Amino acid sequence: MKAMIVPRYGDPDVFESVELPTPKPGPGQVLVRVRATLATPPDSAIRAADPFIVRLFSGFLRPKTPVLGDMFAGTVQENGAGATRFAPGTQVFGCLSMETGAYAEYITLSETGPIEEMPPGLGFNEAVALVDGYMTAITFLRDEARIGTGTRLLVNGASGAIGAAAIQLGRFYGADVTGVCSARNTGLVRELGADRVIDYAKKDFTTDKARYDVIFDAIGKSSYGKAKRALLPDGLYLTTVPSLGIGLTMLGQIGRRGGKRGKLLTTGLRPTAIKAKDMAFLVELIGKGALRPIVDSVFDLEDMADAHRRVDTGHKVGSVVVALPPADLIEAQG
């Protein structure tokens, strides 16, 4: 099978196209023909080993797993022994839990893992884009912040994949939602459900008069030190990006009750069973019309370097999809 690998850390040009053996599904596993995957900021961080801390879990000198990619949409090709949940030919989507490997034509995973049948009417590109962002945002907002009716929520980076999912989840849970984005994306963010939108070029939300119960920094461009000025007395700042600052903040909060807090979550390390439940809930939300996919751009597998370059600009809107086979065939077949 064809795969794109990262043989060493570096810029997007480090990707190499190789032929690898097609995996065989083990007991309880399914073999999935990948039809769409994603280029994401976490993938980019691993590829570049930036921040340096990623080497602690991805390999100090070189990537331990050279095939990146977590999220996928595709077709079940074969069942391993005892696997009966999906018939061959079923269109599925999901993520690889604590592993990677979706930058390839085939993957295997447990049939009880974070994998679900694609809802009717979705193409592969749209399905994988729905997984992106949601799997992070749901943990921050539902599980950690416990947002609900009337929660004053601000989402920084509201037009990115995680931010767009957060805006929609905020609307679903009845929060009062403010989105921060560039001027060109204010219309989209309002359409997704934001009650108010701040153009970051014109106003700094950390120095504005408004105060929030939850500030979700979906892109890690602010900090707790700055954002705490915009928090209510028991407000919570959440970030997706590790830094020394947030680490020291969390250490300083140990044993403290109440007051303003800052926190980093590592959602990719959640147990497989929890991710599987989150995927099942995603299908429910899609059925209720609570989430819509936002696709920034579509690249072919061989153009993975260009897909990562797009991610590295920091200006993508929604998800950067990587299609297998080439994009034109995906749209015709999917």
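1. Starting with the second largest pocket: its lining splits into 10 nonpolar residues, nine polar and one charged. Keep in mind that this is a predicted model.

2. That second largest pocket holds about 340 Å³ of space. In total 20 residues line the pocket, and Leu96, Glu99, Thr100, Thr108 and Leu109 are the ones that sit nearest its centre. Strand 6 (residues 106–110) gives the largest share of the lining, with five residues.

3. On to the cavities. How many are there of 30 Å³ or more? The count comes to one. The largest cavity has a volume of about 90 Å³, and its lining is made up of 14 residues. Nearest its centre you'll find Ala129, Asp132, Ala161, Ala165 and Arg292.

4. If you're looking for where that cavity lining comes from, check helix 3 (124–144) and helix 4 (161–172): each supplies at least two residues.

5. Last, a helix pair. Helix 1 (residues 41–48) packs with helix 9 (residues 304–312) at an angle of about 105°, and their axes are 10 Å apart. Angles of 65 to 115 degrees count as roughly perpendicular, so helix 1 and helix 9 are roughly perpendicular to each other. Helix 1 brings Pro41, Asp43, Ser44 and Arg47 to the contact, while helix 9 brings His308, Val311 and Asp312. By type, the residues in this contact of helix 1 with helix 9 come out as two nonpolar, two polar and three charged.

Key
Residues numbered from 1 in each chain as written. Predicted model: local features only at pLDDT ≥ 70, side-chain atom pairs only at ≥ 80, totals over all residues. Heavy atoms only, no water. 1 Å grid on protein atoms, 1.4 Å probe; cavity = no way out; pocket = protein on both sides within 12 Å on 5 of 7 lines; lining within 4 Å. Points joined across faces, edges and corners; volume = space filled by probe spheres on them. Helix = DSSP H or I, 4+ residues; strand = E, 2+ residues; numbered from the N terminus. Nonpolar A, V, L, I, M, F, W, Y, C, P; charged D, E, K, R; others polar. Axes fitted to C-alpha atoms, helices over the stretch in contact; angles between N-to-C directions. Parallel < 35°, antiparallel > 145°, perpendicular 65-115°, else oblique. Contact = heavy atoms within 4.5 Å.
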